[in-house]
Each structure stands twice: as structure tokens, then as C-alpha cells.
Amino acid sequence: MSTDQRFTPTRRGLFRGVSSAGPALPRPAVGEAGPRWGMVIDLARCTGCQACTAACVVENGTDPAAPRSSVAVYETGVDGLPRIAVLPRLCQHCAEAPCIAACPVGASRRRRDGIVVVEAAACTGCGDCVRACPYESRRLDPRSGTADACDFCAHRVDAGLLPACVEMCPGGALVFGDLNDPMSAANRRLATGQGRTLRPEADTLPLVFYLGLGSTG
Amino acid sequence: MNLTLLDLAQPVGWTPWWAAVAFLVGLSVGGFVLALPGRAFGMPRWQRVSRLGLLVALAAGISAPPCMLAALARPDRVGLLYARAEGSSSWLATCATLMPAYLAALTVFAWTTLRRDLAAAEGRGVLARLQRVASLGGGGAPRLRMLTMFAAGGLGLAMMLGVAAELRPAWNSALLPWHLAVTALAGALGAVLVLDRLAGGVRDAGTMALFARGAAGVLVLGMMLGRESWHSPAVIAEGLAALLALVWPARLGWLVGLLVIAACWLVRWNLVATDADWTGPAPLGTAGLLVVLLAGIAALAPVLGPRRAEGTKHALRRRVLLAGAAGVGLAAIGVAFRDMARRYARGAEAAPRALAPEARVDPVTGVVTPNVGQYVAHVACPACFFTCGARLRVERASGRVLRITGNPFHPLSADPALPASVTLRDAFAALSRRHESGLAHRATLCVRGAVLPPLRDDPGRLRTPLKRVGARGGGRWAPIAVETLVREVVEGGDLFGEGQVEGLRALRGAALETPLGVLVGRENGRTAFARFFMHAYGGGAITVQHIAPPVPDLREADFVLVFGSTLPDQPLGRQIAERRAAGQMVTVVADAVLGPADNVAVGAQSRWLPIRPGTEGVLARAVMRRMPGRDGTDNAAAICGVAEADIAGLASAFAAHGKRAACVATGPLDAGSAAALQALNALAGHPGPALPAEALATDRLKALLLWGCDTDPAVSVPLVVAIGPFLDVAARHADYVVPDTLPFESWGWHNGPGAGVTTSWPAVAPPGGAVGMERFLFACARAIDLPDFSAETLDDPAAFYVRVIAALAVASPALPEISEDDFALAGLDRIRPVLEASLGERGWRKAAFVLARGGRFDLADDAGPVAQPIEPVLAAAGAVAAPSAAWPFVLAVRAGFRPGVVALHAEDAAALGLRNGQAVKVETPAGLQTGRLELRLGLMHGVVAVSSGALRDALPARVTA
């Protein structure tokens with residue numbers, strides 16, 4: 001029988017392009033002095049437990065119905081056998097962020113350390129950045145009506161701490177670190193050459209890398 | 001590669017108001033084009049059409065800005081679009097600038113063409129006088145007319161392009177701008193047709209027919225440009241309108257006009273609405289705005305011709321008509337903007353605000369600056385059986401728990417856990433990003449611990465003891481004082497007007513075998529106190545409702561049989577995730593539903609074994625029977641729905657891996673299955689908790705305490721007291737209810753598996769009126785004069801816990817006294833009086849050292865392997881209903897499954913003729929549940945899966961549309 005009717009891929013197809021053997025590692029620009037924050041996500045260590053989602057909601061005070069980050073769970077098939085694929089989703093903190101280009105009022109910007117932030121007080125809630133994001137990583141906050149996205153818990157990073165999701169990941173799937181530091185845990189994990197970014201064809205140069213993404217196809 | 005998204009909320013892409021903006025801008029520019037021949041160039045045959053076109057252009061043009069405002073989620077900040085647009089390439093900012101300019105040009109253009117009509121207004125009414133004034137003399141102003149005509153034309157065109165560009169992410173065809181332009185013109189023609197009929201019939205049938213045909217031609221062109229599917233509503237409206245316009249051009253002006261307008265709207269609506277997952281009342285608001293403005297402009301300005309003094313009857317009819325239209329339009333606007341009005345009535349809420357960090361850690365020097373507004377309390381996580389260590393961030397000023405994370409000193413929450421010698425200040429540094437220390441030392445909880453709701457001030461919280469009024473289970477209660485409660489429970493009497501009830505004092509003297517029983521929901525770190533009371537009381541039984549699932553140590557395991565669609569919560573989930581990813585462990589996920597217990601990224605380290613719901617125990621027993629030295633055979637393969645070879649494979653894997661093999665379960669298990677899983681682990685050599693004691697024999701009891709029972713105990717005993725923070729299921733069997741404290745408001749002492757001793761202390765003050773189990777039993781004990789509760793032995797229930805914790809602190813090797821810094825950072829000043837009173841000047845500082853770290857974890861675990869009676873477990877039979885003709889499916893109830901979803905295997909659904917997304921009904925003998933059908937391949941044949949709700953796992957079921 002045909003099972004085509006059951007498949008409802010996401011509109012923008014987050015896995016598109018990753019199943020082909022793309023460039024091993026589109027490294028972001030590392031010209032700036034000082035840290036450049038990024039994340040390496042080891043999919044094999046993710047259990048889809050959503051502890052990161054919960055930590056994010058509580059730490060950032062967002063509506064639980066519209067979290068900034070969460071783990072998407074997909075059913076996929078490998079050699080005809082059904083398998084489960086998990087994908088922690090958060091702002092990809094692109095070096096070439098389409099959301100920043102789309103904002104009519106300059107409310108979205110990238111900090112020197114690479115973190116993309118939204119200045120909520122300046123946001124008109126037009127939604128242009130939400131529509132421009134190839135990763136569906138932004139949404140309008142249902143309560144304030146302003147654009148909202150993961151900012152790597154910039155308030156914690158600035159206090160010398162780790163993002164809430166990283167602190168709470170039981171499996172240690174989320175590795176946060178300085179991509180400008182060749183000895184950082186994130187760079188050591190990327191040294192295997194297995195790191196992939198989502199939708200490389202969008203040319204956004206994300207600072208979030210995934211290990212084990214190729215196995216989904 | 002095909003992927004089905006199983007769980008994700010889609011973000012909102014568009015607000016539907018963008019369809020309104022595109023529609024109104026198109027209509028306005030289209031109307032302006034129609035206004036040109038008659039109004040700008042004075043072509044006589046076009047006079048009527050052009051007047052109506054101008055009316056449409058003005059009304060739609062004025063309606064567009066409110067809709068554009070509505071398209072912003074924060075319209076109050078529209079000014080920023082002008083103030084901060086510098087350097088922006090945004091089309092939104094461009095449109096925001098073009099729109100007022102276009103409107104100004106259009107209005108001045110209209111004024112120049114209407115000046116003569118304004119001047120010709122007759123009568124003495126205010127309106128007529130105002131019109132004569134507004135005419136400013138009534139000249140033609142040909143140069144101004146030309147100038148504003150070109151300006152309005154150019155700005156209108158630019159604005160249409162701007163709107164089309166803003167809609168760029170939604171384009172379904174490269175020809176979309178042309179399609180928008182063509183339908184805009186057609187829409188304006190349609191509006192003119194409708195207005196022509198409204199304004200009093202065809203004065204020039206030939207022209208109208210010509211326009212209807214024109215609209216038809218334009219629509220056919222639009223259909224070709226649109227490249228939309230032939231069954232889209234927009235295309236159907238376009239085709240129908242074109243057909244009618246060609247066949248009866250002059251006779252069906254109404255219908256053709258409305259259909260053309262609808263087509264123009266639907267083309268834009270399709271673009272936006274297919275991309276948004278919510279649809280607001282945008283069509284209503286747009287229509288309302290248009291009607292009001294059409295009525296208003298027609299009434300106030302002489303677009304349809306100079307104002308003539310008319311007969312009273314005619315004028316009245318006209319006024320009623322216009323007022324009616326305006327009323328309907330205003331009502332529509334009210335409905336459409338209701339949500340926005342409500343938000344502003346509340347005051348637009350602030351954007352999400354992050355918590356203040358608990359400390360600052362200098363990444364270079366490592367200097368820790370704690371946030372004095374908060375303290376971190378280490379207690380036991382109350383979310384499940386495992387007793388992980390929780391770290392509460394509490395706000396000092398409010399006493400509110402801000403966030404719950406893992407305790408870095410606790411071996412179940414951190415690996416490696418910090419040794420007790422580390423200070424709390426250094427623990428901040430260990431968890432920080434300095435030297436990336438926090439990655440290795442991260443202290444975690446599962447999602448259940450992370451989102452424990454703030455129940456302290458929950459409105460349903462009990463704040464006074466209750467006594468039932470009327471029959472038991474009637475749900476009527478009267479508040480009573482604590483003293484009255486204790487006196488009645490202890491002394492008994494004719495408490496409810498139903499006859500004599502024996503109190504605890506009389507029962508104790510009655511030489512009964514078990515006069516008093518305690519039924520506890522589950523071990524919670526406080527049961528030791530209840531046992532202490534029962535020991536002093538003598539002749540009582542204490543029984544636990546729920547027994548912990550097997551908790552083998554997986555830190556060395558390399559083969560794990562997982563019963564569940566998700567992995568067990570941490571620590572087991574954490575251990576599996578880490579070892580499996582490192583290639584050190586293989587899991588076989590035995591469940592009817594394939595869920596994230598599997599993970600394609602670990603490749604062959606994980607395998608799915610579909611088994612029928614409720615057969616976990618059957619499979620575990622079958623594996624044991626097939627292990628070497630036992631030659632049991634049974635019909636387990638048929639019951640579980642698995643191949644015989646798979647069971648044999650599991651048995652040989654367990655035999656081959658020995659102590660490195662284990663089984664774990666995610667969901668709650670029935671007692672028989674839990675015993676079978678524990679027996680399998682015992683056979684593999686893992687220590688385990690004792691098997692559940694026999695159920696509480698309530699028939700012999702004269703009094704019963706139901707404490708924290710979350711499932712209905714269904715008992716009938718002469719005197720029943722329920723203890724809980726809320727009116728729970730146990731209350732329906734109770735005579736009295738005692739308000740209990742919540743976990744973070746209570747003392748506790750947990751002997752968790754593989755975790756040393758976890759301690760809890762009231763890190764948060766209980767609300768007034770929360771008596772607590774301990775104070776209630778303490779008061780009862782004092783009233784009965786129980787020996788261990790005399791003033792000399794125990795002067796405060798808290799002292800019971802404090803002394804146990806102090807003993808823990810002085811056990812060899814003895815721990816040091818707490819430092820002032822640790823004491824302050826842990827927030828222990830809250831309980832200093834209790835500690836000092838119970839332990840004296842020296843002792844309390846050692847106990848506080850333990851409390852600050854959430855327990856003591858360096859003492860040897862004395863939980864050895866418990867001798868498991870395996871033979872009786874093996875002898876148990878699997879009692880699982882086989883599928884029948886009436887009930888062809890088995891129900892799988894899975895927590896974490898999205899509510900409202902009913903999942904079936906795609907082939908099962910096809911056999912039933914059911915489609916993906918269809919509304920279906922799941923019937924069981926115990927009740928039914930409805931939901932939306934989701935077709936899966938990762939689901940066992942013959943199984944229907946739903947989220948946790950009223951229905952129980954493994955029920956027989958049938959599925960119908």
C-alpha cells in the first residue's frame with residue numbers, strides 16, 4: 001500500500017540537504033578576538049527527554065506552549081525499518097542571519113561573541129524575522145507579541161555560567177563552547193569532521209552543529 | 001527520505017491581516033485605474049464607472065492602514081517603523097512609508113476631480129455648507145490634478161510591488177505579482193459592479209456588460225498566471241465568476257461582482273493562510289472596514305454626484321440604508337479587533353524575562369560572586385522513585401522556587417559528582433563555563449523534576465483540617481481546628497451522628513492484631529516518621545501503594561532490555577544515553593510503540609522489538625525460562641506477539657552478558673510485571689528492592705490513615721483520615737482530611753538505590769494552615785501518651801529527622817562542621833533554630849554540612865542483592881486478553897504521547913479505511929476516547945496508541961471513524 005499520505009514533512013524541510021554528503025564542516029568566521037559561542041549537538045546522546053525544553057522555559061520565563069527551544073521527534077525509516085530521529089531545535093545563531101537582515105527596525109542583532117539577540121523593547125511584532133528564519137527557530141511570543149528566540153541564555157553566559165539547556169541535558173548531548181578556542185570541547189568534538197549544519201544550502205553559516213545527522217538518511 | 005514529525009509546535013508564520021493589506025491595496029489601486037478615464041480625462045461614457053471606481057479607491061485606500069497596523073503584533077510600536085528604519089532594506093518599512101504618501105496623493109486627486117460637485121452642493125444643512133467650504137471655490141485645478149494623478153499612480157504601483165515583495169516567502173509562483181495585479185483590477189471591477197447595483201440599477205447596461213466581460217477575461221488570465229491547484233477556492237471562484245460574466249454579463253451583476261471580489265480576496269488569503277496555522281477574523285474586519293468607509297464616503301462626500309436637496313422620504317430611506325450598512329460594518333470591525341482590544345485593555349504584557357543568575361563566575365580568575373537575593377537548597381527530587389538530587393534556586397525575598405536543576409554532589413544527578421569536601425562556593429565554579437568545567441560536572445534532572453509546578457500557593461491547597469458533613473464520599477466538608485481534629489480522632493465518640501466510632505486511644509487498648517493501618521502512596525523520605533509512630537503505637541501495619549520499578553546500576557551494563565517507548569528518567573536514562581552513544585551498550589527497546597527510546601543516530605546499538613501492551617512481565621518470565629539450566633517453554637511468543645527466536649535471543653544475551661545485562665521499565669507496571677522484571681534482574685545478579693509486601697488487609701482494620709494516595713485505595717474502614725496537600729482521590733473514603741506539606745516544605749531522609757542517603761529539609765516555608773503528617777501524628781501521639789513522644793525524648797517532630805541526619809554526619813569518617821559561607825549560600829538560616837534546639841551548639845553544624853550538600857553519598861551502600869523468590873514469579877501466568885472479533889485492537893497508553901492523537905499502524909488504518917488526520921473514536925470496555933488519527937510505521941500491528949488519560953494500558957479496543 002502507499003503510505004505517502006501519512007508523511008507531513010515540515011514546510012521548510014529541516015533535514016533537506018543533510019543526507020547528501022555535503023562539506024564536512026562549514027566553519028564560521030573566526031576573525032574576531034574574544035569568544036565566539038557555538039554549540040555542538042551529539043544526536044546519539046539525545047534521548048528526547050525534553051529536560052532542555054523545560055529548563056529553557058523556566059529559566060527564560062516563556063510560555064510553556066511556545067518554548068524557544070525543544071526536541072523535535074521524527075519517525076523515519078532506514079532500510080525499510082522504522083526508526084526514531086530526534087532533533088534538538090534552537091536558534092542556530094547564524095553568522096549570516098536572515099532574521100537580522102529581515103528586521104525593519106534593527107531589533108535583531110548579533111553580538112560580538114556571535115550570539116543573535118532580539119531587543120524585545122524595539123520589536124513591532126511584524127513577524128518578518130519569523131518568516132525569514134530557515135530553521136523555524138523564532139516565533140512571536142504569545143503574551144507580548146514580540147519576536148522571541150533562543151539567545152544561548154546570554155544572561156548566564158555573561159555571568160560566566162552555561163545555558164540552561166546545556167546544564168540540564170542528562171545525556172550530555174549539548175556541548176556549548178567557544179569556537180574560537182581550538183581546544184574547546186566543542187571544537188574537539190568537531191575535529192572528527194562529522195559535524196553538519198542544518199540546511200547548508202541556505203548559506204546562513206550557523207554556529208550550531210550536529211553530530212550524527214547523516215544517519216537520518 | 002521520508003520523515004514524519006511526531007511532536008512539534010509550528011511557529012506562527014503570518015498573521016492573516018497580511019491578506020487584508022494585499023487585498024485592500026490591490027482594490028484601491030484597481031479602483032484608481034478605473035477612476036482615471038472619467039475623472040481625470042473626462043470621458044463621458046466612463047463617468048459613472050469612474051465615480052464608483054474612485055469611491056472604491058478611497059474606501060479601500062483608507063481601510064488599508066488599519067489592517068496593516070493589525071498585521072503587527074505590537075501596533076502601538078508602529079512609530080518605530082519610521083524612527084528606526086534607517087538602513088533597513090525591509091519591504092514592510094517601505095510600505096509603511098509609501099502608504100500615507102499614496103493616500104495623500106489619492107485624496108488630493110479625488111478632491112480636484114470633485115471640487116465642482118462640492119461647490120454645487122444644495123441646501124442649508126451643515127454637510128452641504130461644509131462641502132461648499134471644502135470646494136475652495138470649485139475650480140478644476142488641472143495642474144494639481146495631473147500632478148496628484150501621476151503621484152498616486154506611481155506610489156500605488158510601488159506599494160503594490162512592496163506588498164508583493166513582503167509576501168515573498170509565500171510566493172507559489174514566479175508570476176505571482178502579475179496574478180496579484182490582474183486580480184486587483186478584477187476585484188475593483190467587481191466592486192464597481194456591486195456598487196452600481198446598490199446605487200440604483202443599471203444606467204448603462206452596455207458598459208456594465210463590457211466590464212463584466214472584461215473582468216472575466218482578466219480572471220481567465222489570472223487563473224493561468226496563478227498556477228494554483230484547480231480545486232483551490234480561489235480558482236473555483238475565479239472560474240465561476242468568469243463563466244457567469246461571459247454568459248449573462250448584464251443580468252447577474254450582483255453575483256458576478258461578489259464572486260470577483262471573493263476571487264480577489266481568496267488569491268491573497270491562500271498565500272497567507274496556507275502558511276499560518278491560525279486564522280484570525282481578518283476577512284470580517286476587512287469587509288467591515290470597507291462597508292463603513294463606502295457608506296461614509298457615499299454619505300459625506302459627493303462621489304456619486306453633487307448633493308441635491310431631495311424629498312424627505314427619499315433622504316430618510318437613504319439615511320436608514322447607510323446607517324444600517326455602517327452598523328453592520330462596525331459590528332464586524334468590533335469582532336475582528338476584539339482580541340487586540342482585549343490585549344491592550346490588559347496592557348500589553350512584557351516580553352519573557354529571564355531569571356537573575358544565581359552567581360557570577362569570573363571566567364579568568366574563577367572568583368565567584370553569589371547572588372545574595374537567592375540561595376541554593378539541595379533536597380531530594382520528589383518527581384519519581386529514583387530520588388535524584390535536586391538543586392532549588394530560591395528567591396530569598398519571596399521564598400519562591402525559581403528553578404529546579406540537579407544537585408552536583410548527588411551521584412544520580414552528576415557524574416562525576418562533587419565530593420563533599422567541595423564548598424558550595426566552589427560548586428558554583430564547578431558548574432560554570434570556566435575551563436568548561438560545567439560540561440563535565442553538569443548536574444541534571446529529567447523533565448519531570450525540571451517542571452515541578454509551583455504548588456505552594458495553589459488555590460486548591462488545603463489550609464485547614466476538614467471533617468466530612470453527611471455521608472462519606474458525598475464531597476461536603478466542614479473546616480475544623482487542629483485541636484478538635486486530634487481530639488476526635490484520638491477519643492472517638494459519635495462523631496458523625498451515625499453511631500459510636502472508636503478512637504485511636506481505645507483501639508490501642510483493645511488488644512487487636514492490627515487496629516490501625518497506614519496506606520502510603522509511595523516511599524517519600526518521610527515514611528520513616530510514620531513507621532516510628534506506628535512502632536510506638538504498636539499493632540499497626542504500614543503499606544506502600546506503589547513499588548519502585550527495578551533500578552539496576554547501568555554504569556557497567558552493556559546489554560539493556562528497555563520496556564517503554566521512551567527511556568526511563570535519569571539516572572537510568574542518563575546512563576543509557578552516555579554508554580549507548582559511546583558504543584558501550586546495546587539496547588533492545590521492547591514496546592508496542594516506537595518512541596525516542598530508540599535513536600537512529602546510535603545505529604545498530606539500538607533495536608526495536610514490538611511487544612503487545614501489558615505483556616512486559618510475560619516476556620521477562622519467558623526470557624528467564626529460556627536461560628540455560630531452565631528448560632521452560634510456554635506460549636509467551638503468541639501472547640507477546642514476538643517471534644520465538646527473539647525471546648531465545650534475549651535469553652542467550654542475558655546469559656552471555658551476565659551482570660552486564662539488565663532490564664529497565666519506563667512506565668508504571670502492575671505488581672506481577674514489576675516482580676517479573678525484578679526477578680530477571682536478580683537472576684542477572686543485580687541488587688533490587690524487596691518485592692511488594694502483601695496488600696493491606698483492610699477488613700481487619702478499625703482505623704486507617706491514607707497518606708499521599710494518588711490512586712483510589714477503595715477501602716471501607718470505620719475511621720479513615722486522609723493526609724494530603726489537596727483533596728485527592730483518597731478523600732472520598734475519608735472522614736477527616738489533614739492538610740499536608742509539599743515535598744520542598746518537608747523534612748526527609750531517603751535511602752535511595754545506589755545513592756547513599758539523600759536528605760531533604762523545608763527549603764520553602766509551608767503556607768499557613770499546612771499541618772503536615774508529622775505534626776498531626778505527633779499531636780495524636782502526645783494525646784495518647786505514646787512512650788517515644790514524651791517531652792524528654794522528642795520535643796518537635798522535626799527533631800526526629802534532624803537527629804537521623806546528625807547521626808549520618810558523625811558516621812565514620814566524620815564530616816566537618818559547616819562553614820559560615822556554606823550556611824549562608826544554602827539558605828539554612830531558615831531552619832537554624834530547629835537545628836540548634838535539637839542538636840546543641842556543636843552537633844547542628846555537622847548536620848548542616850550534610851543538609852547543605854543534600855545528603856551523604858560516600859558511605860558504602862548496604863543494599864545487597866535481595867533474595868528474590870524467582871520460582872513463584874516464574875509460575876505466574878500471563879493474563880492478557882487476546883484480541884477478539886469485537887475488540888480487534890489492544891490499547892497502548894503512553895505518557896509523552898501528544899494529547900488528542902490516536903496512532904495506528906498505517907496498514908491497520910488502511911484495512912479499516914481510515915485516513916491520516918481523520919477524527920476517530922477508540923472504544924474500550926472501560927470507556928472511550930476520541931482523537932485525530934496519526935498513521936505510524938513504528939507501531940505494532942493490532943495496537944492503537946493514545947496519550948495518558950482516563951483509559952488504562954493494555955485494554956482491548958476497537959477503532960471507528
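This is a predicted model: local features need pLDDT of at least 70, side-chain atom pairs count only at pLDDT 80 or more; totals for chains, interfaces and linings use all residues.
The interface between the two chains is considered first. The contact involves 102 residues of chain A and 94 residues of chain B. The size of an interface is often given as the accessible area lost when the parts come together. For chain B and chain A this buried area is about 7700 Å², and carbon and sulfur atoms contribute 57% of it. Polar interactions also cross the interface: 30 residue pairs are in polar contact, both members of each pair being at pLDDT 80 or more. On the side of chain B that touches chain A, 50 residues are classed as nonpolar, 21 as polar and 23 as charged.

Salt bridges were counted both for the whole structure and for the interface. Over all chains the structure holds 55 salt bridges, and nine are found across the interface of chain B and chain A. One salt bridge pairs B:Asp598 with A:Arg83, with an N to O distance of 2.9 Å. This pair crosses between chains: B:Asp598 belongs to the loop between β14 (586–590) and β15 (606–609) of chain B, whereas A:Arg83 belongs to strand β3 (residues 81–89) of chain A. Another salt bridge is formed by B:Glu578 and A:Arg45, whose closest N and O atoms are 3.9 Å apart.

Strands of a sheet pair through backbone hydrogen bonds, either parallel or antiparallel. In chain A, three strands form an open sheet in the order β8-β1-β9, with mixed pairing. The edges of this sheet are β8 (174–178) and β9 (208–211) of chain A; each has a single partner strand, so one side of each has no neighbour in the sheet. From one strand to the next, the twist averages 20°. Strand β1 (residues 37–42) of chain A pairs with β9(A) in the parallel sense, over four bridges. Within chain A, the residue opposite A:Asp42 is A:Leu211 in β9(A).

Chain B contains a closed barrel of six strands, which runs β23-β27-β24-β26-β25-β28 and also has mixed pairing. Its neighbouring strands are turned against each other by 45° on average, direction ignored. Both senses of pairing involve strand β26 (residues 927–936) of chain B. With strand β24 (residues 901–905) of chain B, β26(B) pairs in the parallel sense over five bridges, and B:Ala903 stands opposite B:Glu934 in β26(B). With strand β25 (residues 919–924) of chain B, β26(B) runs antiparallel, and six bridges join the two. Here B:Glu923 is placed opposite B:Leu928 in β26(B).

In chain B, the peptide bond joining B:Asp415 and B:Pro416 is cis, with omega about 5°. B:Pro416 is located in the loop between β6 (400–406) and α14 (424–430) of chain B. A cis peptide bond is also present from B:Gln570 to B:Pro571, where omega is near 10°. B:Pro571 is in the loop between β13 (559–563) and α20 (572–581) of chain B. In chain A, A:Gln50 has a phi near 65°, a positive value in a residue other than glycine. The loop that holds A:Gln50 lies between β1 and α1 (51–60) of chain A.

Terms used. Residues are numbered from 1 along each chain as its sequence is written. Chains are lettered from A and ligands numbered from 1 in the order in which they are written. Side-chain values use heavy atoms; hydrogens and water are left out. Contact means heavy atoms within 4.5 Å. Buried area is the accessible area (1.4 Å probe) that two parts lose on being put together, summed over both. A salt bridge is a side-chain nitrogen of Lys or Arg within 4 Å of a carboxyl oxygen of Asp or Glu. A polar contact is a pair of N or O atoms within 3.5 Å; within protein, one must be able to donate a hydrogen and the other to accept it, and residues adjacent in sequence count only if both atoms are side-chain atoms. Ala, Val, Leu, Ile, Met, Phe, Trp, Tyr, Cys and Pro count as nonpolar, Asp, Glu, Lys and Arg as charged, and the others, Gly among them, as polar. Two strands pair if DSSP finds at least two bridges between them. Axes are lines fitted to C-alpha atoms, for helices over the stretch in contact, and angles run from 0 to 180 degrees between N-to-C directions.
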